[in-house]
Each structure stands twice: as C-alpha cells, then as structure tokens.
Amino acid sequence: MRKTCPYFLIGLMLLFIASGSAFSCGKSGNPNTEDPDTNISVANRDIEAWITYSDKTFLLRKQLQALSFGSVNTQFPTIIIDTTQSFQTIDGFGFAMTGGSAYVLNNLPESARESIMHELFSSDSGCIGISYLRISIGASDLDATVFSYDDVPSGQTDPELKNFTLDKDRENLIPMLKTALKYNPGLKIMGSPWSAPVWMKSNKYSVGGSLKPEYYDAYARYFVKYIKGMETEGILIDAITPQNEPLNPNNNPSMVMTSDEQKVFIRDFLGPAFQNENIKTKIIVYDHNCDHPEYATNILDDSEARKYIDGSGFHLYAGNISALGQVHTKHPDKNVYFTEQWVGGPSNFGPDLQWHIKNLIIGATRNWSKNVIEWNLASDPYYKPHTNGGCTNCEGALTVHLSVSRNVSYYIIGHASGFVKSGSVRIGSSMPSKLSNVAFKTPDGKTVLIVLNENTDSQSFSIQSGTRKATTTLPGGAVATYVWK
C-alpha cells in the first residue's frame with residue numbers, strides 16, 4: 001500500500017494556487033489565459049507571445065494584443081534573427097526530480113497528482129511540457145534519508161553486488177517517473193550519484209571521502225546494474241555523470257573525485273563496462289561549477305578516455321557561464337550540458353527570474369548547452385524532505401502541502417520548455433544592450449525567441465526575421481517568449 005503523506009487529510013479537497021498564474025493546461029478557450037484587454041483573434045496576428053512580469057501580475061500569460069510583422073519605428077533597438085547560423089541541437093529543459101520531489105508529488109491525492117503531472121509534462125496547450133529530468137543514483141541530499149542501491153552492515157563489503165536493489169526508488173521515484181513518461185514518452189533522463197555505497201569509500205561514510213581504487217570495477221558494474229534495472233522498469237537513462245559535484249566534500253551524501261580519478265575511472269572501467277554491455281547511455285563528465293572548466297578538459301584531453309565521453313556538465317554556484325563555451329571551443333566535437341542551479345528559499349521572484357533567465361535559459365544555451373536543469377522540482381513549505389546535512393532552503397519549482405503553488409523556477413523553465421521542444425536548434429540572434437535573448441528553430445519549423453528586458457523601465461524594440469519586422473514593448477524586468485512561423 002502506498003504510504004500516505006501526513007500533510008494531507010483524507011477526503012480534503014485539494015486547491016491549486018497559481019500565484020496569479022493564468023494557466024489552463026489542456027483546456028482551450030479560457031479567457032484567463034489571454035490578455036483581457038483585447039478581443040483580437042489569434043488567427044489574425046503573426047507572432048504569439050507569452051510574458052512574465054517581475055511583479056507577478058502576469059505569469060507566463062499568453063497575450064492577445066496584435067503583434068504583427070509590418071512597418072517598424074527604426075529608433076528602437078532591433079533583435080535580428082539569423083537563420084543561416086545554426087548551433088547545437090537542444091535536448092530539453094526541466095528540473096531535478098529528487099527523491100523528496102517524488103515523495104511529495106506521489107503523496108498527493110490521485111486526481112491532484114495526475115492533474116499537476118499532466119500540467120508539468122504534457123505538450124497540450126497551456127502545459128509547460130518538461131522535456132528533461134535529472135535524478136539521483138541513490139540518495140541525493142533532498143531525500144529524507146541517505147541510501148545507496150547496495151547498502152550492507154557496517155564492516156561488510158559486497159564487491160559482487162549481490163545486495164543491489166532499486167527498492168527505495170520503487171517507493172516514490174519510479175512511480176513518478178512512469179507518470180511523467182506517460183505524459184511525455186520522449187522525456188530525457190539524466191542520472192547522477194551523490195556518493196558511492198559507503199563500503200566502497202575511503203572514509204566508510206556518506207559525507208566526503210573518495211572511491212577506493214580497488215572498487216572502481218565494482219562501481220562501474222553498479223552503474224551497469226542501475227541502467228539495466230531502470231530499463232526493466234521501462235525507464236531509459238539517457239545520460240549519467242559519474243559524480244555530482246565531485247569537488248564538494250561537505251554535502252550529505254557527497255564524495256570527492258578528482259579530475260584524474262574520474263579520468264581513470266571512465267577510461268579503464270566505466271567506459272569499457274558500458275561498451276562490453278552494449279549500453280548506449282551517455283557519459284557526461286564533471287557536473288560541477290563553472291570556475292573549474294579544466295576539470296572537464298583534462299579528461300577530454302585524454303585520447304582513450306574521451307572516446308567513451310559524450311560531453312561535460314556544469315553548475316553555476318561559482319564561475320561564469322562562459323566556461324561552457326570555453327570547453328566547447330577546446331573540444332567542439334563534445335557536447336556541454338547545464339545540469340543544476342538552485343533557487344534559495346524564500347525566493348525573491350523578480351531578481352531570481354531575471355538572473356536565471358539571463359544566465360541559464362539564455363546564457364547557457366548561447367554557450368552551447370543542450371539543456372537547462374533547475375534544482376529542484378518540488379518540496380514542502382519547509383523545503384523538506386532533505387537529509388541531515390543536506391540543503392535546508394532549496395526551494396522547489398512547486399511547493400506542495402494542502403495546496404500546490406508554483407514558484408519562480410516553474411516560470412523560468414516554462415518560458416523555454418513549453419516552446420523549445422527536444423530537437424530544436426539554436427539559431428543566430430543579435431544582442432542589443434539590455435535585451436538579452438536567445439532564438440531557436442523548432443522541429444515543426446517555428447521560430448522561438450526568448451527575451452529579457454534588463455532595464456528597470458519599459459523598453460520598446462523590434463524583431464527582424466528575414467525581411468519581416470515587428471515592434472513590441474516589454475516592461476522593466478519582464479521576460480517574454482515569442483513564437484512565429
């Protein structure tokens with residue numbers, strides 16, 4: 001029997017609070033999803049627009065005011081779309097579905113759980129269409145307890161992995177992944193471990209320590225068993241990283257893995273194990289901050305290691321987002337990914353919206369990232385569950401308690417995920433001052449332009465696509481997603 005979360009009273013009607021959001025996922029004709037000040041038909045305009053204001057008066061709201069290609073006022077700055085320039089193919093946008101996220105979502109009443117999962121993952125009109133998830137291999141610090149898939153009593157070891165089991169994930173994570181895949185069968189999933197089983201580690205403890213060389217082979221087989229086990233559950237793991245934040249020894253769980261150690265592990269153990277088992281899951285190195293891009297390039301410089309590696313992953317708790325571009329420049333045949341960034345709770349909506357849109361949705365993709373993942377999907381009002389020693393104020397995109405509220409990360413990702421589908425290609429766009437932007441061509445031939453007005457005041461500007469031009473205005477601090485064909 002599924003455990004019932006103590007936060008919910010049996011029979012209590014769940015109310016969804018959207019903090020002013022006007023979303024109506026999967027429904028059409030709801031006037032609240034559109035600008036109430038006009039009756040202009042969608043069919044009569046060239047460009048559709050969705051907008052979020054920094055003061056939350058509009059939250060990813062579809063606009064109905066006419067935005068048509070035609071004559072423009074040349075005094076305004078112009079964003080020029082250049083379809084002759086094409087860059088990386090996009091895998092997707094989404095969140096980390098931590099064990100804690102899965103727990104609070106799985107313990108919603110069934111109708112409420114299905115409704116929010118549909119809204120999150122479906123491509124229906126009004127849904128945000130998450131296309132990429134990151135999950136932990138074993139516990140992350142946003143699980144209620146620390147665990148691995150091969151825990152044995154203190155003092156024992158299990159190099160044959162006889163005790164390997166995914167049972168902890170079967171409680172909440174696997175059911176929620178299956179629900180997500182029901183609404184988006186093409187969902188890409190990345191797995192990252194916060195630590196190896198403690199019996200493999202130098203300090204025999206969940207915090208810090210390193211992987212002992214005598215267990216490199218067992219740990220490679222641990223990944224193989226994990227990927228095959230998830231596949232048996234109907235869950236394909238598109239990519240893994242060998243270690244989350246390998247230079248951070250302080251989280252619970254955590255494990256230190258130097259660049260040279262990761263290079264040896266991949267080159268001599270993990271890569272050959274995947275090859276021998278015909279595993280196609282991508283191996284992505286590093287998975288830590290932008291202040292040490294040399295961690296990734298050191299591994300990619302090794303001719304034997306690099307043949308097993310798809311690319312490198314980054315966070316932005318330190319350094320500059322341009323590090324992704326630096327790694328791409330040095331190894332243009334390898335991909336780059338943006339794998340994690342938190343919002344600290346309680347969030348400050350306007351500044352957080354602007355920083356994340358500028359640095360991640362725009363900055364990471366303009367520096368060749370194939371994805372953007374926010375940390376994390378859901379938590380309770382007290383930023384729980386988390387481990388003892390884990391993050392105590394990581395705000396979820398959703399806060400789940402007696403209601404579901406949508407926080408700033410929901411809108412950060414929603415401005416991209418609902419429009420820039422997997423398989424889209426980033427294309428060229430000019431960057432007028434204080435109008436950060438990025439453009440994409442979708443698989444169905446649409447152009448998507450995401451624009452942030454970094455000014456404190458409203459800014460009028462033009463969009464030029466080929467010989468067509470249109471002029472619009474964004475309030476200070478607002479972000480908009482424009483779509484046309």
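Two strands count as paired if DSSP finds at least two bridges between them, and the strands themselves are DSSP runs (E, at least two residues), numbered, like the helices (H or I, at least four), from the N terminus.

A word on the model is in order. It is predicted, so to speak of local features a pLDDT of at least 70 is needed, side-chain atom pairs count only at pLDDT 80 or more, and totals for chains, interfaces and linings use all residues. Residues are numbered from 1 along each chain as its sequence is written, and side-chain values use heavy atoms, with hydrogens and water left out.

Now step back to the barrel. Its 8 strands close in the order β5-β6-β7-β8-β9-β10-β11-β12, with parallel pairing. Helix α6 lies across β8 (239–240) and β9, running at about 155 degrees to β9; such angles run from 0 to 180 degrees between N-to-C directions, with axes fitted to C-alpha atoms, for helices over the stretch in contact.

Next comes α7 (residues 293–300). Because 6 of its 8 residues are buried, α7 is largely enclosed by the rest of the structure; buried means under 20% relative accessible area (1.4 Å probe, protein chains only). Those residues are P293, Y295, A296, T297, I299 and L300. They pack against α6 (259–276), β9 (282–290), α8 (303–306), β10 (311–319) and α9 (322–330), where contact means heavy atoms within 4.5 Å.

There is also an open sheet to visit: 9 strands in the order β3-β2-β21-β18-β17-β16-β4-β19-β20, with mixed pairing. At its edges, β3 (61–63) and β20 (468–474) each pair on one side only. From one strand to the next, the twist averages 30 degrees. Strand β19 (residues 459–465) joins β20 in the antiparallel sense over 7 bridges, and S460 stands opposite T473 in β20. Helix α10 packs on this sheet, touching strands including β2 (48–52) and β17 (435–441), and its direction makes about 50 degrees with that of β17. Helix α11 packs on the sheet too, touching β2, β18 and β21, at about 170 degrees to β2.

Finally, look at how these two helices meet. The axes of α10 (residues 349–366) and α11 (residues 408–417) come within 9 Å and cross at roughly 35 degrees. In this contact, F349, D352, L353, H356, I357 and I361 of α10 meet V408, Y411, I412, I413 and A416 of α11.

Terms used:
Buried means under 20% relative accessible area, exposed over 50%, partly exposed in between (1.4 Å probe, protein chains only).
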